[in-house]
Amino acid sequence: MNIALQTPPVSAKENPSSVGPEEGTPPNEFTKDVIAGLTAPQKTLPCKYLYDEAGSRIFEQICELEDYYLTRTEAEIFSSHLPDIAKELGTGVTLIEPGAGNCEKAEPLLAIMESPEAYIPIDISPEILLGARARFEASQPELLVRPVIGDFTQMDRWGDEEPGNRQVVFFPGSTIGNFTHQQAQNLLQHFAAQMAPGDGLLLGVDLVKDSVVLERAYHDDRHVTEAFNKNLLRRINRELGADFDLDAFSHRAFYHPLRQRVEMHLVSLKDQQVRVADLSIPFLEGESIHTENSHKYTLESLASLLNKAGFQQKHYWTDTNNHYVICYAEIF
Ligand code: TRP
């Protein structure tokens, strides 16, 4: 196995917003984003900052929650249809996974794909990619694994691959749902710009469903999602010397049927002032910080998003409840 840990083709210096402070960006980038968000009329914080080390650990716990059906359902669809999915992807493919994390989802897929050319996981965390490398070394020693460290939303190119191999971009976990429709279209177009006609996209997407089921997934009664959301305030306290009182905010998650998305907020429980990097940020009782969106798609709205970005849906697989879809599309 050959592993080239690459730095991103666009360096953090050229593109300072590409990674958070823990990954080496000057701290003022995080400060700037936080201040811009907290002084906007609807206070907001960029969701990428939810994933520091503690946040990533809490997120793994979310994925194991009974109420959080997404991970389980996606895994069920994969295990029921893996040979079919692999056949659809074809032979000699380079599989690229933006935001791969621990690469656990790609492992069984690569094991069953016919002669994959290479696997390129992309993530901002080098540690997590190195951990994955060790696993692949043991389980699939013949596979060429070339991790790329960086923020996939900011990358012009994901490697210096010789053009010619068919590429398939693997984007599971309904991560596409954490972007607005316009951002999702831009992101898929951004992927498409690095691909050729006939190249593929394997996407996992959460579907519109009963709002009670949706809301429970983001407001579990063991308060793990709450801890995940509040960890962002803890991080701002720690890294920017702010003085958020975590008990003076509550986690709120609700489904917005018109926007077809679950929104996550942190709601101030009282009128208060919070000190953040030399600023005093006023909060009214009931005022919220919007921290995350999770958009839900229908099969139609998904097909339309794909078309707008230059992809044509080839095949999709759902679970028996139609809660979730794995979709394969190609550039036309
Ligand atoms: N993309 C997944 C989702 O929207 C995972 C996720 C992102 C998530 N942010 C989250 C899950 C916050 C729970 C809470 O569900």
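Modeller: Start with a cut-off. Buried means under 20% relative accessible area, exposed means over 50%, and partly exposed is in between. This is a predicted model.

Colleague: Now Q140. Where is it placed?

Modeller: Q140 is in the loop that runs from helix 5 (126-139) to strand 3 (148-149).

Colleague: Is Q140 buried or exposed?

Modeller: Q140 has a relative accessible area of 6%, so it is buried. Leave aside its neighbours within four places in sequence, and Q140 contacts E107, L110 and A111. E107 is also on the contact list of R135.

Colleague: Next, helix packing. At what angle do helix 6 and helix 9 pack, and how far apart are their axes?

Modeller: Helix 6 covers residues 181-193 and helix 9 covers residues 299-308. The angle is about 50° and the axes are 8 Å apart. Roughly parallel needs an angle under 35 degrees, and roughly perpendicular starts at 65. Helix 6 and helix 9 are therefore oblique to each other.

Colleague: Is the crossing of helix 6 and helix 9 left-handed or right-handed?

Modeller: The crossing of these two helices is right-handed. Helix 6 contributes H181, A184, Q185, L188 and Q189 to the contact, and helix 9 contributes L305, L306 and K308. Sorted by class, the contact has four nonpolar residues, three polar and one charged.

Colleague: On to rings. How many aromatic pairs are there?

Modeller: The count is 13 aromatic pairs, with ring centres within 6.5 Å as the rule. Take F244 and F249. Their ring centres are 5.5 Å apart and their planes meet at 70°, so the pair is edge-to-face. The cut-off for that label is over 60 degrees.

Colleague: What geometry do F249 and F283 have?

Modeller: F249 and F283 are also an aromatic pair, again edge-to-face. The centres are 5.1 Å apart, with 85° between the planes.

Colleague: Which residues make up an aromatic cluster?

Modeller: Y51, F59 and F228 form one.

Colleague: Last feature: backbone phi. What is the general idea?

Modeller: Most residues other than glycine have a negative phi. A positive value in such a residue deserves a look at the backbone.

Colleague: Where is S115, and what is its phi?

Modeller: S115 has a positive phi near 40° and is not a glycine. S115 sits in the loop between helix 4 (106-112) and strand 2 (118-123).

Colleague: And what is the phi of S174?

Modeller: About 55°, positive, and S174 is not a glycine either. The loop between strand 4 (166-171) and helix 6 holds S174. The relative accessible area of S174 is 2%, so it is buried.

Notes
Residues are numbered from 1 along each chain as its sequence is written. This is a predicted model: local features need pLDDT of at least 70, side-chain atom pairs count only at pLDDT 80 or more; totals for chains, interfaces and linings use all residues. Side-chain values use heavy atoms; hydrogens and water are left out. Axes are lines fitted to C-alpha atoms, for helices over the stretch in contact, and angles run from 0 to 180 degrees between N-to-C directions. Helices (H or I, at least four residues) and strands (E, at least two) are DSSP runs, numbered from the N terminus. Angles under 35 degrees count as roughly parallel, over 145 as roughly antiparallel, 65 to 115 as roughly perpendicular and the rest as oblique. A crossing is left-handed if the near helix is turned anticlockwise from the far one by less than a right angle, and right-handed if clockwise. Contact means heavy atoms within 4.5 Å. Ala, Val, Leu, Ile, Met, Phe, Trp, Tyr, Cys and Pro count as nonpolar, Asp, Glu, Lys and Arg as charged, and the others, Gly among them, as polar. Rings of Phe, Tyr and Trp (its six-membered ring) pair if their centres lie within 6.5 Å; planes under 30 degrees apart count as stacked, over 60 as edge-to-face and the rest as tilted. Buried means under 20% relative accessible area, exposed over 50%, partly exposed in between (1.4 Å probe, protein chains only).
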